[in-house]
Amino acid sequence: MTTAFEPFLLGGVRLANRIAMAPMTRSRAGEGGTATESTAVYYAQRAGAGLIVTEGTQPSVVGQGYPDTPGLHSAEQVAAWRPVTDAVHRDGGVIYAQLMHTGRIGHPSLLPDGVVPVGPSPVAAKGQVFTHEGPKAFVTPRELTDEEIRRTIADFADAARNAIDAGFDGVEIHGANGYLVHQFLAPNSNRRTDAWGGTTEGRIRFAVEVATAVAEAIGGHRVGFRISPGNPFNDIAEENLEETYGALVRALAPLELAYLHLMEGPHRGLTLNLRENWPGAFILNPFTHPETTGPDALALIKDGTADLVSFGSMFLANPDLPHRLQQGGPFNTPDPTTFYGGDDQGYTDYPSLTA
């Protein structure tokens with residue numbers, strides 16, 4: 001029987017265990033969206049994870065949706081990440097950079113003058129985003145043109161190359177939580193009638209082409225892809241989850257990516273279906289709402305539901321979480337007021353499987 005504390009070969013890289021640190025927005029980047037000395041300390045403290053996935057990192061200027069988040073689109077940002085990856089590697093860890101373009105989620109006050117958030121369609125999300133001036137309502141995004149969509153895809157590939165140059169072991173494409181890739185997947189945020197929308201094949205096209213471009217840039221074995229089917233966070237409404245995500249998984253499978261990372265909703269049946277149809281490594285961020293993911297989740301590795309299990313806020317409160325899990329505790333209690341995102345975000349009104 002496989003346990004969480006056995007090694008795992010991911011994209012040719014040996015992981016010390018099957019416990020992953022989920023990506024969590026921190027909003028602590030330095031000037032110009034650069035990683036800092038404290039960033040290196042933060043991730044090195046958690047190098048005991050089999051795999052670390054970083055906070056969302058924008059692949060372009062317009063991809064930023066929160067204050068003080070890091071990027072991977074400038075030489076200064078690449079240089080600033082190198083001490084971080086060096087620190088993690090010195091302590092025996094493996095670290096992937098999560099590439100996150102927030103799309104319509106954001107505000108012009110977070111961007112250079114004249115730049116506004118973009119999206120697949122000019123449909124504003126309901127809600128507000130935190131800025132340095134306080135909460136502000138989401139604005140109507142500027143609809144991306146076909147040429148701009150292709151430029152955005154290239155931005156992801158460029159950022160992936162930058163990540164490898166910065167010493168990361170790979171990248172995770174953020175296709176979840178209502179950000180740009182997810183916005184293309186969802187019919188309420190993607191109302192296009194051209195080749196980038198209108199049908200299931202059209203709505204998954206952006207996700208597939210981003211993954212293809214990134215895989216061609218750095219090798220599929222160094223690319224992960226995160227999804228959250230039906231997650232209503234950031235005003236997303238999806239229908240026919242099995243059809244959409246079944247088609248997406250089938251389209252991604254030939255790329256031979258390092259892994260699929262599922263942020264699960266309350267439908268274990270969908271999880272098992274995706275697991276069965278995904279040919280590579282399967283990382284599960286299990287549905288535990290309203291609780292955070294805890295030690296019981298390790299049973300999902302024993303029973304074969306997942307190859308790895310990812311933890312979010314528990315890693316914030318317990319930097320040495322794998323050791324504590326192996327010892328059976330004790331565990332510090334996470335304080336949800338100290339972070340923006342992670343493994344327990346956004347599932348308060350999860351729709352039915354086909355709603």
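The model is predicted, and local features are taken only where pLDDT is at least 70, side-chain atom pairs count only at pLDDT 80 or more, and totals for chains, interfaces and linings use all residues. Residues are numbered from 1 along each chain as its sequence is written, and side-chain values use heavy atoms, with hydrogens and water left out.

P290 lies in the loop between β13 (281-285) and α8 (299-302); here helices are DSSP runs of H or I with at least four residues, strands are runs of E with at least two, and both are numbered from the N terminus. A cis peptide bond also links G329 to P330, with omega at about 0°. P330 belongs to the segment that follows α10 (321-327).

Turning to phi, D235 takes a positive value near 60° while being a residue other than glycine. D235 sits in the loop that runs between β11 (223-227) and α6 (241-252). With a relative accessible area of 24%, D235 is partly exposed, a class that falls between buried (under 20%) and exposed (over 50%), as judged with a 1.4 Å probe on protein chains only.

E256, likewise not a glycine, has a positive phi of about 55°. The loop between α6 and β12 (259-263) holds E256, and this residue counts as exposed at 63% relative accessibility.
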